[in-house]
Amino acid sequence: MRRRWFYPVGVLGIAVVAAAPLMRPVEGAIRAEDSRLYELRVYYAAAGKLEALHARFRNHTMKLFEKHGLSNGGYFVPVGDNPQRKLVYWITAPSKAARDKSFADFLQDPEWKKVVAETEKDGKLVERIESTFMRLTDYSPPVKLERADPPRVFELRTYTATAGNLPALNDRFRRHTLRLFEKHGMTNIAYWNLLPDQPKADRMLIYLLAHKSVEAARQSFEAFRQDPEWINARKASEEKAGGSLTEPKGGVVSEFLLPTDYSPLR
């Protein structure tokens, strides 16, 4: 059964690394030096237009993003059926102000306007767009855009902390969870908190994992949940906080994603 996800209404750098080896496990906490703005964007294509939307990104949009200072990151679609015709991706910029200027320049670019006119002569390609502004947590690994062969399955997970417990949740990931994920065969890609002005910024953690397959992900999580170190870490953190660090209903939401053929991260 597919897992479903939610994004707050509200994302990466493009130094493509040749793919053969995957990211290696990293020991201990990692402090990210990446202070860029990450913008996570979810597009819902119009009926019958998803392939045309892919073609526009592949042939035009990504190049124009780069032209205007917006760096491309991962581009994904959901595993299995995609009834909402979603495209999920992120871009980065040095800051929110830089992002806003770059995006305004992109939208006014004559080449972009020509592309839109040509690709939308039979109707708009996108029905709706959601956007979330984020920065890497201090414990996120450096984001590397590696292209594995065969492409990996990615899992985007959104956590909503219980009131006042986002710092405790971040600390548990920093001290325990990332290392235990790697121990059990999962690859940490990136961990983000929202910009302070975003809805639920004081409660949201969003992160991305890579797996060999959906089944491998399920096996890894089963082993992770049974690990005595995880059981002890969870118990200690929840006793200190006086209860669960995530909301009991909808506090952990996940979706498995496949990279598009044009994604710098695969």
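## Lys86 in strand S4

Lys86 counts as buried because its relative accessibility is 3%, under the 20% limit for that class. The residue belongs to strand S4, which spans residues 86–93. Its side chain is in polar contact with the side chain of Glu255, at 3.3 Å. These values, like the others in this report, come from a predicted model.

## Overall composition

The chain has 266 residues, and 53% of them count as buried. Its secondary structure consists of six helices and ten strands. The accessible surface amounts to about 12600 Å², with 54% of that area belonging to carbon and sulfur atoms.

## The barrel

Eight strands form a closed barrel with antiparallel pairing, in the order S2-S4-S3-S10-S7-S9-S8-S5. From one strand to the next, the twist averages 35°. Strand S2 (residues 37–45) and strand S5 (residues 126–136) run antiparallel and are joined by eight bridges. Within this pair, Leu40 stands opposite Thr132 of S5.

Two helices pack on the sheet. Helix H1 (residues 50–67) touches S2, strand S3 (71–78), S4 and S5. The direction of H1 makes about 170° with that of S3. Helix H4 (residues 166–183) touches strand S7 (153–160), strand S8 (187–194) and strand S9 (204–211). The direction of H4 makes about 170° with that of S8.

## Strand S7

Eight of the eight residues of S7 are buried, so the strand is largely enclosed by the rest of the structure. In a regular strand, side chains alternate between the two faces of the sheet. In S7, Val153, Glu155, Arg157 and Tyr159 point one way, while Phe154, Leu156, Thr158 and Thr160 point the other way. Both sets are buried.

S7 pairs with S9 in the antiparallel sense over eight bridges. The bridge partner of Thr158 in S9 is Ile206. S7 is also joined to S10 by six bridges, and these two strands run antiparallel. Here Arg157 has Ser254 of S10 as its bridge partner.

## Leu258 in strand S10

Leu258 is located in strand S10, which covers residues 252–259. Its relative accessible area is 34%, so Leu258 is classed as partly exposed, that class lying between the 20% and 50% limits.

When neighbours within four places in sequence are left aside, Leu258 is in contact with Tyr75, Phe76, Val77, Val79, Arg152 and Val153. Val153 is also one of the buried residues of S7. Leu258 and Glu155 are 103 residues apart in sequence, and their C-alpha atoms are 8.8 Å apart in space.

## Helices H5 and H6

Helix H5 (residues 214–226) and helix H6 (residues 228–241) have axes that come within 5 Å and cross at roughly 65°. On the H5 side, the contact is made by Phe224, Arg225 and Gln226. On the H6 side, Pro228, Trp230 and Ile231 take part. By class, the contact has four nonpolar residues, one polar residue and one charged residue.

Notes: Residues numbered from 1 in each chain as written. Predicted model: local features only at pLDDT ≥ 70, side-chain atom pairs only at ≥ 80, totals over all residues. Heavy atoms only, no water. Helix = DSSP H or I, 4+ residues; strand = E, 2+ residues; numbered from the N terminus. Buried < 20%, exposed > 50% of the residue type's maximum accessible area, 1.4 Å probe, protein only. Areas by Shrake-Rupley, 256 points an atom, 1.4 Å probe, with all protein chains shown as cover. Axes fitted to C-alpha atoms, helices over the stretch in contact; angles between N-to-C directions. Contact = heavy atoms within 4.5 Å. Nonpolar A, V, L, I, M, F, W, Y, C, P; charged D, E, K, R; others polar. Polar contact = N/O pair within 3.5 Å; in protein donor to acceptor, adjacent residues only side chain to side chain. Pairing = 2+ DSSP bridges.
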